[in-house]
Amino acid sequence: MHQLTYPEAIVVGLLQGVTELFPVSSLGHSVLLPALLGGRWARDLSVSAPESPYLAFVVGLHVATALALLVFFWRDWVRILGGFASSVRYRRIVTPEERLAWMIVVATIPVGITGLLLEHTFRTVLGRPVPAAIFLTLNGLVLLGAERLRRRAPVQDRTAGDPDERLASGTFSRALQIGSAQVLALLPGISRSGATMGAGLLKGLSHEDAARFSFLLATPVILAAGVLKLPDLFGPLGAGIHGQVLAGSVASFAAAYLAVRFLTRYFEHRTMTPFAWYCIVAGLLSLGWLTLR
């Protein structure tokens, strides 16, 4: 295993910060970019190896991405954590903050269990360039399908009340179904935010509220995934790359913060269709390049 270089770390950090929140799959891009660049990048950056320093590095960057989300949504998380505390203290689920807190908990359970049981299998079997290109193409088709089907679903009025109150007014069943879509993101090339946003649209959320709920749901999952891999970065897998990890983390934090700031405004009036076509074109071009070269 060649040592991760600073240019590689910074590029991957920027890529992680942007693609984790844009509905285009961060893991898919982390697999495809090294394969398409070839040379040392392809040798250094492989997530499919059983003990991959690159995987530990990429997942470690999740901490920086989650911190960016926490900083951007800090007011929401203060209310949500306060609601969780009051719910536990008074044994009730009454206020919007209490309902939203438990919705996030319920929605996170499926991907948490599935990730612990199947993440290693999915990564080692499917975390290769050709499957990633195929799944990236499918991700684009899923986004297009969600946009088409949402036209048949009644859309919740996004002008009524506070955004968190609108989300909390839904059912726990809806939250569970939207959260369960995160399981698809274990497949390299399928976007976590795209899957949850698509599920939210099909359940009647506006693009703005679907994106907001997606980012709130992603925060504990991304943070937990990163924290679980941090011990690897302080063990043999992280030997000699601590500086690169720091550089990549700073890049990932900055990119994620700018990405979520852009996307929360973008989805006030726009759709996922441009991202869908990007995934289809990028996936097919990558697949063609990888299979025909």
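Helices, in what follows, are DSSP runs of H or I with at least four residues, numbered from the N terminus. By that rule, His 29 is found in helix α2, residues 26-37. The model is predicted, so local features need pLDDT of at least 70 and side-chain atom pairs count only at pLDDT 80 or more, while totals for chains, interfaces and linings use all residues. Residues are numbered from 1 along each chain as its sequence is written, and side-chain values use heavy atoms, with hydrogens and water left out.

I begin with His 29. At 12% relative accessibility, His 29 counts as buried (under 20% relative accessible area, 1.4 Å probe, protein chains only). Leaving aside neighbours within four places in sequence, His 29 is in contact with residues including Leu 15, Leu 136 and Tyr 278; contact means heavy atoms within 4.5 Å.

I turn now to the aromatic residues. The whole structure holds 10 aromatic pairs, where rings of Phe, Tyr and Trp (its six-membered ring) pair if their centres lie within 6.5 Å, with planes under 30 degrees apart counted as stacked, over 60 as edge-to-face and the rest as tilted. Phe 22 and Phe 275 are edge-to-face, because their ring centres are 5.4 Å apart and their planes stand at 85 degrees. Phe 22 lies in the loop between α1 (6-19) and α2, and Phe 275 in helix α13 (residues 273-292), so this pair ties together parts 253 residues apart in sequence. Both are buried, Phe 22 at 16% and Phe 275 at 10%. Phe 22 and Phe 275 also belong to one aromatic cluster with Phe 262, Tyr 266 and Phe 267.

Terms used:
Helices (H or I, at least four residues) and strands (E, at least two) are DSSP runs, numbered from the N terminus. Buried means under 20% relative accessible area, exposed over 50%, partly exposed in between (1.4 Å probe, protein chains only).
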